[in-house]
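Here is a short briefing for a first look at this structure. Keep the 3D view open while reading.

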Amino acid sequence: MERRADSEVMHRIHVIVLTYNGAPYISACFDSLSKIEQGSHEVSVVAVDNGSSDGTPARIRAEHPWVELAETGANLGYAGGMNFGIRRAFNAGADFVFVLNQDTEVAPGFLVEAVAAAEVEPRA
């Protein structure tokens, strides 16, 4: 993902992908995320690994080095893993956080459209 100068950044967005023994799924997910339109946003994709034992973290590092990897060290469950990632994103200064499952594939325009909708209705 491309980094932008602060003066150009409209929003800082973190996309959190929770993984757990997701080796069969992650390539399609991260390949789709590598093609998203960013607009004027600074986008970080973070894989939160929830204690996988199938080599998922190593595969992310090898095949998707642009993805930030955060390992919980144990299976915290769905809510626990997502909360770990969300806290981390807001502590890093994220304006928006999108949460995805490891088997999700996104359309290139999803992020720009979602942020535009959130700007119209901030409570959404």
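Rings of Phe, Tyr and Trp, taking the six-membered ring of Trp, count as a pair if their centres lie within 6.5 Å. How many aromatic pairs does a search of the whole structure find? The search finds 2. The model is a predicted one.

**Aromatic pairs**

- Phe 30 and Trp 66 make an edge-to-face pair, 6.5 Å from centre to centre and with 90° between the planes.
- This pair links distant parts of the chain, 36 residues apart. Phe 30 sits in helix α1, and Trp 66 in the loop between α2 and β3.
- Phe 30 counts as buried because its relative accessibility is 0%, and buried means under 20%.
- Trp 66 has 28% relative accessibility, so Trp 66 counts as partly exposed.
- Phe 98 and Phe 110 have ring centres 6.0 Å apart. Their planes stand at 80°, so this pair is edge-to-face too; planes over 60 degrees apart count as such.
- Phe 98 belongs to strand β4 and Phe 110 to helix α4, so the pair ties together parts 12 residues apart in sequence.
- Phe 98 counts as buried at 17% relative accessibility. Phe 110 is buried as well, with a relative accessible area of 18%.

**The sheet**

- An open sheet is built from 4 strands, in the order β3-β2-β1-β4, with parallel pairing.
- Which strands stand at the edges? They are β3 and β4. Each has a single partner strand, so one side of each has no neighbour in the sheet.
- From one strand to the next, the twist averages 25°.
- Strand β1 (residues 12-19) pairs with β2 in the parallel sense over 8 bridges. Ile 13 stands opposite Val 43 in β2.
- Strand β2 (residues 42-49) pairs with strand β3 (residues 68-71), again in the parallel sense, over 4 bridges.
- Asp 49 has Glu 71 in β3 as its bridge partner.
- Between β2 and β3 the chain passes through helix α2 (residues 56-63). This β-α-β crossover is right-handed.

**Helices across the sheet**

- Helix α1 (residues 26-33) lies across β1, β2 and β4. Its direction is at about 170° to β1.
- Helix α4 also lies across β1, β2 and β4. It runs at about 130° to β4.

**Nonpolar cores**

- In soluble globular proteins, nonpolar side chains tend to be buried together.
- The largest nonpolar core here has 21 residues. Val 15, Phe 30, Leu 33, Phe 98 and Leu 111 have the most contacts inside it.
- Which elements give two or more residues to this core? They are β1, α1, β2, β4 and α4.
- A second, separate core has 8 residues, among them Ile 16, Val 48, Ala 70 and Met 82.

**A loop residue**

- Ala 107 lies in the loop between β4 (96-101) and α4 (110-120).
- Is Ala 107 buried or partly exposed? Its relative accessibility is 47%, so Ala 107 counts as partly exposed.
- Ala 107 and Ser 32 are 75 residues apart along the chain. Their C-alpha atoms are separated by 7.0 Å.

Note on methods
Residues numbered from 1 in each chain as written. Predicted model: local features only at pLDDT ≥ 70, side-chain atom pairs only at ≥ 80, totals over all residues. Heavy atoms only, no water. Pairing = 2+ DSSP bridges. Right-handed = clockwise from strand over helix to strand, strands pointing away. Buried < 20%, exposed > 50% of the residue type's maximum accessible area, 1.4 Å probe, protein only. Axes fitted to C-alpha atoms, helices over the stretch in contact; angles between N-to-C directions. Contact = heavy atoms within 4.5 Å. Phe/Tyr/Trp six-rings, centres within 6.5 Å; stacked < 30°, edge-to-face > 60°. Core = buried A, V, L, I, M, F, W, Y, C linked by side-chain atoms within 4.5 Å.
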